[in-house]
Amino acid sequence: MKRCLSSEHLFDWVETYGSPLNLLRPRTMRRNVEELNAVARERELDFRVFFARKANKCLGLVDEAIESNFGVDTASENELRQCLRRGVPAKDLISTAAIKSDSLIDLCLEHQICIAVDNDDELQVVVNRANEVGCLARIALRLGGFWHDGAKLPTRFGFDVDRDRDLPQRLTSLPVRVEGIHFHLDGYLAEQRVSALAEAMKWVERLRAIGEPVSFIDMGGGFPMSYLDEPRQWAAFWEEHRRALLGERASLTYRGHGLGLSVERGRVVGEPKMYPFFQRPVRGDWLVGVLDTLIDGKKIAERLVKLNVQLRCEPGRSILDGCGMTIARVEFRKQNAEGDWLIGLSMNRTQCRTSSDDFLVDPILVPKWQPSKDRQRAPAMSGYLVGAYCTESEFVSLRKLNFPNGIQRGDLVAFPNTAGYFMHFLESRSHQFPLAKNLIVDSHPVPSVCLDVIDE
């Protein structure tokens, strides 16, 4: 994606398709998925990646999944319909929607798509609809309530492994075929996945004992990735931010926003409300840590191989690492009543945001006029990036950013590595603003571009 920033077409693309503009390179997914596949191959483990579609709505990523032969995890009826229209085979799809309507379940039954069943009410709807159309429903039982370090892992998803231990017996007379075990855990701790996998394998054996053809365990997503190369960058920011909250240095954020932290009785308390933008291990190394953990003297991978079960996963962010960036045009600079410079971008904060308080990767300035010997550089400036919504809280970034060579109307600001969730997870069209366009850029020396059409 670096080549796009130096492309002579970048300003033309923004002029043509509007600001903000999302640039994507789907083929980078292959590299990230192959990193996981290689770990599984080394352990002779049957393994399959299902791309978490909710992480990015662009259909070009679905096309890449088809071409590269990995599955797609869908979290809504529209996601599923789009994948079917795009040509994803039913065997390569799973429906994991948190809320499943009758029409979504009917669609799954019509195309014989596996449904991750989350609770008794949902199971009853699946059974009723299957009886009406006279077919067997392909399902995976989503489980929760796993024990880890002497306590239950909190989750709002799935049947409880203790309270619902009679579930296999209740399924015997129902029009369902249990093909897999599924779970979804919050956070990124490999040790918690190990505990869940150990329990899931016990459920595979119990279900097979009553004749259910369980062939896979799906461990969901939560594969960590890192946006920064150096741990010291991450550590230094939080150290300086804590000092600023204590009044020991100038604030790093607008009006001292804590980013999840606060000061009580002279101490900084709380936890950052933030994705860990630097962490280790990530992706393949993290998966190694899961698969090579010993339980009763045998590695998880070896136990899965002996059980003859496929391990599936549904990463989103980690396999979209390096797949895209968001570009926005600078529309104004002004000082507020407190003397702070505000730099207005033609975008809103929902177009580069997840549930975290802020996007903690430094944006990249792309000047409209490149500095040269014949042109004096603009004076240095520090300020805050603000967006288009008419609220006092409309900050694209809460951090105070420094621009050593200045920043001017017409310049572009690039937010790197935003393909995983940041582009679309919270995107809103309040004020009737149009949604951002999504351009797929290939890897030719002069990138060619096609408009990725999304059903709204």
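Predicted model: local features only at pLDDT ≥ 70, side-chain atom pairs only at ≥ 80, totals over all residues.

Modeller: Residues are numbered from 1 along each chain as its sequence is written, and side-chain values use heavy atoms, with hydrogens and water left out.

Biologist: Is cysteine 83 buried or exposed?

Modeller: Cysteine 83 is buried, at 0% relative accessible area. Buried means under 20%, exposed over 50%, and partly exposed in between, with a 1.4 Å probe and protein chains only. Cysteine 114 is buried too, at 2%.

Biologist: Switching to helix 10. What is its span?

Modeller: Helix 10 runs over residues 231-245 and reaches 22 Å from first to last C-alpha, close to the 21 Å expected. The expected value is 1.5 Å times one less than the number of residues. Helices are DSSP runs of H or I with at least four residues, strands are runs of E with at least two, and both are numbered from the N terminus.

Biologist: Which residues are buried in helix 10?

Modeller: Trp234, Phe237, Trp238, His241, Ala244 and Leu245. They sit on the same side of helix 10 because they cover an arc of only 120° around the axis, taken from the directions from the helix axis to the C-beta atoms. Strand 12 and strand 13 are included in what covers them.

Biologist: And aromatic pairs, how many?

Modeller: The count is 19. Rings of Phe, Tyr and Trp (its six-membered ring) pair if their centres lie within 6.5 Å; planes under 30 degrees apart are stacked, over 60 edge-to-face, and the rest tilted.

Biologist: Why is the pair of tyrosine 254 and tyrosine 384 edge-to-face?

Modeller: Because their planes are at 80°, with the ring centres 5.2 Å apart. The two are 130 residues apart, with tyrosine 254 in the loop between helix 10 and strand 12, and tyrosine 384 in strand 20.

Biologist: Which residue lies over the face of tyrosine 275?

Modeller: Arginine 317, at 3.8 Å from the ring centre. The rule is NZ of Lys or CZ of Arg within 6 Å of the ring centre and within 35 degrees of the ring normal.

Technical notes. Contact = heavy atoms within 4.5 Å.
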